[in-house]
Amino acid sequence: MVYMQKEPDIVKELRESEKLGLFYTKIQSTYEQLETMDDIFENIPDKTIIFADENHEETGKISKEITHEINNLINTSPITFFLWKNVEGWPVEFTSDNVKNIFGYTAEEFISCDVSFIDAIHPDDLKRTISEVEKYSKEKTRKEFTQKYRIITKNGKIKWIEDKKIIRRNKQGKITHYHGILWDITNHKIAVERYKILFDSSRDALMTFAPPDWKFTSGNHATVILFKAKDEAEFTKMGPWDISPKYQPDGESSTEKAKKMIEKAMDKGSNFFEWMHKTLDGKEFPTTVLLTRVEIEKNKPFLQAIVRDITEIKKAEEEIILAKIELERKNQQHMDIMKRMNRLSHETETTLMDLNQIFNNAADGIVVINKDFRILRINQTYLEMFGIDKTRSIGKKCFEVFQFQRCQTDNCPMRKIIKNNKRDEYEETIMNNNNTDISCFVTSLPYLNSNNEVIGIVENFRDITELKKIESELREYSEQLVSMNKELVSTQDEREDYVAQLEERTAQLQKINTELSKSEKKIKQQNNKLKKLDQLKSAFLNITSHELRTPMSSIKGYVQMILKETLGEITDEQKKSLEIVLRNTNRLDNLIQDILDISRLESGTMKFITEITNINKMISDVVETMKSSAELKEITIHSEVLDNVQDLSIDQDRVKQVLINLMNNAIKFSSEGTVINVRAKTENENILFEVQDFGRGIPKNQQKMVFDTFYQVDSGVDRKFGGAGLGLAISRGIVLAHGGKIWVESKVNKGSTFKFTLPIKSVEDLEERFKDVDVFRLQAIS
């Protein structure tokens, strides 16, 4: 509530002049700098404080209600209200309850005159404060004025306050009271002082200017130095156009353009632009200017300017233009190199595809064996001819698989070729796994490396069983002819029959001879084709071991050098093109590596190096590796490894290869903007890994076959996305070698989740165990 010693004289005078006995004094809402105060005053009815006789029959009830509402608003605000009588000592006739928040004294202490308001004013500010009151009071038309001064609180603390005094006069114009609205501005004063320190110490040129004439009102030390003024006083005599040339570089008048820049900053709050300035001695220099609208006191905005000299930056831009010309010249050189590399990459890939097709479609059986007598490659014709299981052959000793007559003897083709380095041809009858004898014409050739050193042999087996049957029939007919001749000599009577039989036999023999001639001709033609195939096969093996690897290494080397700008700077567009070349080169290199991995899986010769591996870090490394590929399609990768997942003893690189293959497929078959989840958790005695995508999914009847070599769900779509169908087969082999399982759960158009497990207990002697694993599910076929 408001405390009063007695009803003020001004209230009595107003009471006499009103018929209803309700009198009030309007308080004009001020302190427009603090927006929160506006809200308080907006809630005070008519912005008034009520002075009324609560016992008055008509007004007492209204007075109590309104006074109570006003007191609640005032006492919960930072504003304090005073009413001083215009006599010596300024005795306080009333004040609001919240006066203690600022002064530390209670309202009763002021009202009872235990402490006077003048005593609370700081001694250093008292004389000025009284002088200002006397000065403004002499102005007959003045109704209010504002003061700022310090006070000393009850506990001795010094505070700054702002005091808006409203002058109250009686009917004769004599001042009877001063109505004060006070608030604490200590923090505001501190903030202003801090701003001033920052302003003066800034290395950038800082200045302020305000409407309406937009003359500079301040400038820091950096401003004086930049514009070569004597001091701040000289600088603040000017406006923005005084430190600018007559025209800006675009031809527009500096005066007119400056007005536009100022107007934009006042409208938008800030404005950043380039500007040509000049020093006071006339030297022009380019700058950047940041204008910021500042409003410390409400409705009194001004602009702060930060000016920075960019002369050196402009010089650098000119040097960049010259460098760009040189860069364009080097770019042309890079483009020529890129064209040659693209052509070489295309030719190499085409050759590889052609040679693979020739090898797999050859009419004769072909087998490649190294110097350790281990089988490296077998084509499909050889497998069908002898009924051999490929998974039980690759990587095994040749004499353990074939068991030919020449094996482990001096006539062994491998031993003869290593000794003589010459091709060898012979015939041999071989019993296949179906217990059928097959007559073969065998050609053995040296298998050379890039240094023309023998590293094994290539054997070509041609089936001549039919030819041997014809030869056998011919010998049988010849023996019959001899027997008939003897019978003819022994009896003349049988001679005519014998002649007839002989003629018949002769006709049959001629027919057989004709067929034999045709067969021999056909065999010669096939033999010529075989020789050509041998040459192509040898070229294929040489290219695989040397010609493919060598150019790819050169391509990758040159591309990486250019990307690292070792040969000179490149543009972003060139960088994108080179990254495409590098990706395709890596793709071809990965294809060859996949073929080698498939061969190692088939032969059981894949090497495994186990180590204790932290699963969380391993998955983080893989996610980081695949992040760039996913970002190309704006795909987000989420990974989650539960806390109970323990470290495993595994071949970390091979398991990473599995995760990369699965994540690469997930990215490949996912739509743009989707999510891929990678998880690991403990399940029974295994660690379960999951790679989940939301792509096109896999039909249920094809989910088991996706792990077969070269199998693709939909060749049309797969061709769109690329891939050779080797990644999942390799992944299955690696997981099985570790004693785990791999499978897929998928729904068409919903996505796929590839899962695999690895046992917590490590597998002993991983490589030996792997030789007995049916990696490609072919035991049933054999």
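This is a predicted model: local features need pLDDT of at least 70, side-chain atom pairs count only at pLDDT 80 or more; totals for chains, interfaces and linings use all residues.
**Confidence**

The mean pLDDT of the protein is 79, and 79% of the residues reach at least 70. Strand β22 (residues 686-692) has the highest confidence, with a mean of 95, whereas strand β1 (residues 23-26) has the lowest, with a mean of 30. Over residues 1-60 the pLDDT stays under 50.

**Aromatic pairs**

The model contains 21 aromatic pairs. Two of them are set out below.

| Pair | Centre-to-centre distance | Angle between planes | Class |
|---|---|---|---|
| Trp84 and Trp90 | 6.3 Å | 45° | tilted |
| Phe209 and Phe216 | 5.4 Å | 80° | edge-to-face |

The planes of Phe209 and Phe216 stand at 80°, so this pair is edge-to-face, the class for planes over 60 degrees apart. Both Phe209 and Phe216 are buried. Trp84 and Trp90 are likewise both buried. These two tryptophans also belong to one aromatic cluster, which they form with Phe82, Phe103, Tyr105, Phe110 and Phe117.

Where does Leu567 lie? Leu567 is in the loop between α18 (549-563) and α19 (572-603). Leu567 counts as partly exposed because its relative accessibility is 35%, and that class lies between under 20% for buried and over 50% for exposed.

Methods
Residues are numbered from 1 along each chain as its sequence is written. Side-chain values use heavy atoms; hydrogens and water are left out. Rings of Phe, Tyr and Trp (its six-membered ring) pair if their centres lie within 6.5 Å; planes under 30 degrees apart count as stacked, over 60 as edge-to-face and the rest as tilted. Buried means under 20% relative accessible area, exposed over 50%, partly exposed in between (1.4 Å probe, protein chains only). Helices (H or I, at least four residues) and strands (E, at least two) are DSSP runs, numbered from the N terminus. pLDDT is the predictor's confidence in each residue, from 0 to 100. Contact means heavy atoms within 4.5 Å.
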